[in-house]
Amino acid sequence: MARQEDEGRSELLRGTLDMLVLQTLTVQPMHGYAVAQHIERLSEDVLTVEQGSLYPALERLLKKGWVTAKWGESPTGRKARYYTITASGRRQLGEQVASFDRVSLAIARILHRA
């Protein structure tokens, strides 16, 4: 998933990587490295997605039909696989976000923050 470092970066909760990848792909089709960069940038470098977690997640999403992939050229001129979220991926994302919201609220209640 993500590595934990002394610099304040956090490890992703189990199951959140797929949700974050799907959400990222709602912006536009992206290659894997761009997905990882997007997550890092929006999390202000708190979350780091390792290749060893990202690419298996992308393959898992492909097998489930939640994303599609096609080869293209990256901005640096290299061959890259671009991933696009599907309609079923968008539905799944909605379900995952709702579930995440329920869990987050429950944790907040336990911590006396809600």
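Predicted model: local features only at pLDDT ≥ 70, side-chain atom pairs only at ≥ 80, totals over all residues.
Me: Is D18 buried or exposed?

Reply: D18 counts as buried because its relative accessibility is 9%. The word "buried" stands for under 20% relative accessible area, "exposed" for over 50%, and "partly exposed" for what lies in between, using a 1.4 Å probe and protein chains only.

Me: Which residues is D18 in contact with, beyond its neighbours in sequence?

Reply: Setting aside neighbours within four places in sequence, D18 touches A57, R60, L61 and Q96. A contact here is a pair of heavy atoms within 4.5 Å.

Me: How many residues of helix 1 are buried?

Reply: Eight of its ten residues are buried, so helix 1 is largely enclosed by the rest of the structure. The buried ones are T16, L17, D18, M19, V21, L22, T24 and L25. They pack against strand 1, helix 2, helix 3, strand 2, strand 3 and helix 4.

Me: Let me step back. How many helices and strands does the protein have?

Reply: The protein has four helices and three strands. Read from the N terminus, the elements follow the order α-β-α-α-β-β-α. Of its 114 residues, 36% count as buried.

Me: How do I read the sheet, and what is the order of its strands?

Reply: Here is the general idea: strands of a sheet pair through backbone hydrogen bonds, either parallel or antiparallel. Two strands are taken to pair if DSSP finds at least two bridges between them. In this model, three strands make an open sheet in the order 1-3-2, with antiparallel pairing. Strand 1 (30-31) and strand 2 (67-73) are the edge strands, each pairing on one side only.

Me: How many bridges join strand 2 and strand 3?

Reply: Seven bridges link strand 2 to strand 3 (residues 79-85), in the antiparallel sense. You can follow them by eye: A69 has Y83 as its bridge partner, and W71 has R81. These two strands form a hairpin with five residues between them, and G77 in the turn has a positive phi of about 90°.

Me: And what is the bridge partner of H31 in strand 3?

Reply: That partner is Y82. H31 lies in strand 1, and strand 1 pairs with strand 3 over two bridges, also in the antiparallel sense. H31 counts as buried because its relative accessibility is 14%. Apart from neighbours within four places in sequence, H31 is in contact with S74, P75, A80, R81, Y82 and Y83.

Me: Which residues of helix 2 are buried?

Reply: In helix 2 (residues 32-42), the buried residues are G32, A34, V35, A36, H38 and I39. Their cover includes helix 1, strand 1, helix 3 and strand 3. After helix 2 comes E44, which has a positive phi near 55°.

Me: Last one: how far apart are G94 and Q23 in sequence and in space?

Reply: G94 and Q23 are 71 residues apart in sequence, while their C-alpha atoms are 9.4 Å apart in space. G94 lies in helix 4 and counts as partly exposed because its relative accessibility is 41%. Across the protein, among contacts with a separation of 6 or more, 48% come from residues 24 or more positions apart.

How values were computed:
Residues numbered from 1 in each chain as written. Heavy atoms only, no water.
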